[in-house]
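Trainee: Please go through this structure with me, one feature at a time.

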Amino acid sequence: MTPIRRQYLKIKHSFPDAIVLFRMGDFYEMFDEDARVAARDLEITLTSRSMGKDVRVPMAGFPAHAMENYLARLVRRGHKVAICEQLTDPSASKGLVDRGVVRVVTPGTVLESSLLNQNANNYLASVVLEGDSAGLAYVDVTTGEFAATQLNQPQLSPELERIAAAEVLAPRSNDPDQPSLPQSLGGNGGKPTLLDPICFEYEAARAALLDHFGVVSLESFGCEDLPLAVRAAGAIVDYLGQTQKSGKLQLSNLAVYYTSEFMTLDSQTRRNLELFAAGRAENKDLSLFATLDLSKTPMGGRLLRRWLGQPLLELDELNRRLDSVEYFFDDGLHRANTTSLLSQVPDMERILGRVNAGMVAPRELLALREGLETV
């Protein structure tokens, strides 16, 4: 067996459930079963490569410059993808080039713009069940939005439907006949991502949150007395630490909320009201959201979507929103000037997310500068 084969197998052993994109010069290569799966799903050629005496393994690959396109196709097919980069300069290395996984991409941890709907959040959710109660947390790694709640189990399904998470985390059950999470709650893919139950234990989850935020107590976040919410949120932080190896998490705050503050809308009600899709064909262009969405920035579009899907019940907060509407309604000049300025603001939330992940492009930094000047 060649040294590079041993190196690959060691890396693959650490990520058995992911397709490993193994950087070799100007190409990303996949081997063994990964190669067979990728050749089928990406419609690329399956070849083979000699990896030692009497060792020939299946191989498939694509140019490094086309990585984002192929990565998008793999993630859309529901695959978890581990990106393994060359960590040392090949021209300066006499022997084997050091390699390591810098990021694991899953449906809920996507950062690439080509994989995202700019007017909708891409949520990663986490659920833990205990008795008649549940803990729920969700995060959008592209914007840093991070929220958690504790609720009764009957409230869980409509709340997950509202979030429409791309990926849902749940503790792995030791009993195959007793799944930790019903498949109907498994997210858009219908199947939850199962983690080691220790990630959801209270002490481990609390420690993960304290360490991430650099605090000694969770009291300021309002979740010290919500153990299931803490367990769900801590599992998310742990999972992001495992998948986002090369970048920093852009989670500056944990917002605790209560479902009693908002009107609960089940899936049938949302369909009847045609909030986000209209008619039997579920035409998104004829929905209430599409009709109302005249926002000038992707950030505004995402906020409007959240407000429509989570109607307020708190009168004071409702009046604050109406006061804001009245302010701009009464002052046409200010409204026109603000609208004009907002048209020059890029998607600053997601650009900052890509900055933190070490993936930002020069044109995005220029857009960020112009956006800050506009603000």
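Trainee: Which residues form the negative surface patch?
Mentor: Asp323, Glu326, Asp330 and Asp331 form it. Patches take residues with over 30% relative accessible area and no salt bridge, joining like charges within 9 Å and nonpolar side chains (Val, Leu, Ile, Met, Phe, Trp, Tyr) within 5 Å. Asp and Glu count as negative, Lys and Arg as positive, while His and the chain ends are not counted. Each charge is placed at NZ of Lys, CZ of Arg, CG of Asp or CD of Glu.
Mentor: Please keep in mind that this is a predicted model, in which local features need pLDDT of at least 70, side-chain atom pairs count only at pLDDT 80 or more, and totals for chains, interfaces and linings use all residues. Residues are numbered from 1 along each chain as its sequence is written, and side-chain values use heavy atoms, with hydrogens and water left out.

Trainee: Which residues form a nonpolar patch on the surface?
Mentor: Leu352, Val355 and Leu365 do, and together they have about 220 Å² of accessible area. Val355 belongs to helix α12 (residues 348-356). Val355 counts as partly exposed because its relative accessible area is 34%.

Trainee: New topic: how many helices and strands are there?
Mentor: The protein has 13 helices and 12 strands. These are DSSP runs numbered from the N terminus: helices are H or I with at least four residues, strands are E with at least two.

Trainee: What about the overall size and the buried share?
Mentor: Along the principal axes, the C-alpha atoms fill a box of roughly 80 × 50 × 50 Å. Buried residues make up 46% of the 375 residues.

Trainee: How many salt bridges does a search of the whole structure find?
Mentor: The search finds 17. A salt bridge is a side-chain nitrogen of Lys or Arg within 4 Å of a carboxyl oxygen of Asp or Glu. Side chains of opposite charge can pair when their charged atoms come close.

Trainee: What does Asp140 pair with?
Mentor: Asp140 forms a salt bridge with Arg350, and the closest N and O atoms are 3.8 Å apart. This pair links distant parts of the chain, with Asp140 in strand β8 (residues 133-140) and Arg350 in helix α12, 210 residues apart. Asp140 has 0% relative accessibility, so it counts as buried. Arg350 is also buried, at 8%.

Trainee: Where do Glu159 and Arg162 lie?
Mentor: Both are in helix α4 (residues 153-163), 3 residues apart, about one turn of the helix. Glu159 is buried at 8% relative accessible area, and Arg162 is buried at 13%.

Trainee: Which residues are linked in a network of salt bridges?
Mentor: Arg40, Asp41 and Arg77 are linked in this way.

Trainee: Last topic: what is the phi of Glu274?
Mentor: Phi of Glu274 is near 55 degrees, a positive value in a residue other than glycine. Most residues other than glycine have a negative phi. Glu274 lies in the loop between α7 (267-272) and α8 (288-292), and it is partly exposed at 32% relative accessibility. Asp32, in helix α2 (residues 32-42), also has a positive phi, near 55 degrees.

Note on methods:
Areas by Shrake-Rupley, 256 points an atom, 1.4 Å probe, with all protein chains shown as cover. Buried < 20%, exposed > 50% of the residue type's maximum accessible area, 1.4 Å probe, protein only.
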